[in-house]
Amino acid sequence: MPKIKTITLGCRFNFYESEVSKAIVEKLDPKNDVIIINTCSVTHEAERQSRQAVRKAIRENKDSQIIVTGCAAATSESYFKKLDGVSKVILNGEKSAVEPYMSIPHLANGITFDSDEIIEESDELFQERARVFLQIQNGCDYFCTYCIVPFTRGRSRSLPLETILNRINHFIELGFKEIVLSGIDITSYGNDLDNTDFADVISAILKQTSLKRLRISSLDPKGIDEKLLELLVSEHRIMPHFHLSIQSGDNEVLKAMRRRHSREDVIEICNRILAKRLDVVFGSDFIAGFPTETEKMFENTIKLIDEAHLSLMHVFPYSPRSGTIAAKMIQLPRNVILERAKRLREKSEEAKKKLFKSLVGKTVNGMIERTEKGEAFGKTDNFVPFVINKPIEPSTLIQNAIVSGFNDEGLEIN
């Protein structure tokens, strides 16, 4: 039987691209055995894992066409093109300004198609997932000193609002209850449009569709203006989990990173949201051991976790990304970087367990994502993982379930 599969590395943003790429290949070349590998290069480790994934796919799928795309396809183009077994390398720069998967038709000898038609008519997208990741923005206008993404993705481009609404209505018709708005820098939505910003998109979705559950992917703290803040605290169809791209809790390090926010901005935003919406849970990204970071500066990051009420964190040890300004700075010793990352992860685990413990005995709402071995796994509305000791159909909404306990992985629910 022919098979078309995807392997996705990196951010949630990539899941949408992978799903659409699969649908496109299925329409253009359904008889072929194709593997699309959507790579990541946000760190050297991510790029190493992307190379490893491609080599493994080649070893285990001798008769398949291997397509490599994503950010590592740009940063390691020559490497992938030299690999025996890679059929095509598709660069982000080859892709359409709005549709990041438009170059897939090159596989089919120049056959073209209406990408909107494929996306808005396909009933196969995200069929193996409980929620949809909908890309509404691509690229970034802000060149943080540690980040290669603006060079691999280009400047910020926005999907037209009408297209967003059409796609959401299509996914609602397919039965999806929850959609995640994603982008490289989602709060930059509309920078390239007239009189439309990210808050306008959310307002239109809530007013013009029947979507029950709207999630928002990573938010730049500086991109949360008054209009967006009001929506986050007042609209309860927006799920109460906000992931903030913070990176550091020290102002000097943030300046060296060329981030636009300060630690005070983060604290103020989190406190203002919690003052009006107590059930909100905050997530964040942090980089440990950035060049110029002293022990005192690192301690400011540790302190920020409590000061901003952060609970669900991703911690990355800094590694120099060639082609960025930070890679040319004086680097900290690797053992110092790894030791700080370890301490930051320990603090993150402490904050997560504190959140879990605070929910014991309380009632929560959420959605089932998958069932395995007689147990149902999902996320609460505020994105806390949970398990229920019985099989429940994926995408089922749970209401007023009692939290009986927790373990290292999440909540235990009756």
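Predicted model: local features only at pLDDT ≥ 70, side-chain atom pairs only at ≥ 80, totals over all residues.
Colleague: Which strand is His-241 found in, and is His-241 buried or exposed?

Modeller: His-241 is found in strand E9, which covers residues 241-247. Its relative accessible area is 6%, and because buried means under 20%, His-241 counts as buried.

Colleague: Switching to strand E5, how many of its residues are buried?

Modeller: Seven of the seven residues of E5, residues 132-138, are buried, so the strand is largely enclosed by the rest of the structure.

Colleague: And which way does E5 run against E7, parallel or antiparallel?

Modeller: E5 and E7 (residues 178-183) run parallel and are joined by five bridges, with Phe-133 standing opposite Val-180 in E7.

Colleague: What about E5 and E6, parallel or antiparallel?

Modeller: E5 pairs with E6 (residues 157-158) in the antiparallel sense, over two bridges, and there Gln-137 stands opposite Ser-158.

Colleague: On to the helices: how do the axes of H9 and H11 cross?

Modeller: The axes of H9 (residues 226-234) and H11 (residues 263-276) come within 9 Å and cross at roughly 40°, which makes H9 oblique to H11. The crossing of H9 and H11 is right-handed.

Colleague: Which residues meet there?

Modeller: From H9, Glu-226, Leu-229, Glu-230, Leu-232 and Val-233 meet Arg-272, Ile-273 and Lys-276 of H11. By class, the residues of this contact between H9 and H11 divide into four nonpolar, no polar and four charged.

Colleague: Then H11 and H12, are they roughly parallel or roughly antiparallel?

Modeller: The axes of H11 and H12 (residues 295-307) cross at roughly 15° and come within 10 Å. Angles under 35 degrees count as roughly parallel, and H11 and H12 are therefore roughly parallel to each other. Their crossing, like any other description of this pair, is given for H11 and H12 together, and it is right-handed.

Colleague: Which residues of H11 and H12 meet?

Modeller: Arg-263, Val-266, Ile-267 and Asn-271 in H11 meet Asn-300, Lys-303, Leu-304 and Glu-307 in H12, and the contact of H11 with H12 has three nonpolar, two polar and three charged residues.

Key:
Residues numbered from 1 in each chain as written. Heavy atoms only, no water. Axes fitted to C-alpha atoms, helices over the stretch in contact; angles between N-to-C directions. Helix = DSSP H or I, 4+ residues; strand = E, 2+ residues; numbered from the N terminus. Parallel < 35°, antiparallel > 145°, perpendicular 65-115°, else oblique. Left-handed = near helix turned anticlockwise from the far one by under 90°. Contact = heavy atoms within 4.5 Å. Nonpolar A, V, L, I, M, F, W, Y, C, P; charged D, E, K, R; others polar. Buried < 20%, exposed > 50% of the residue type's maximum accessible area, 1.4 Å probe, protein only. Pairing = 2+ DSSP bridges.
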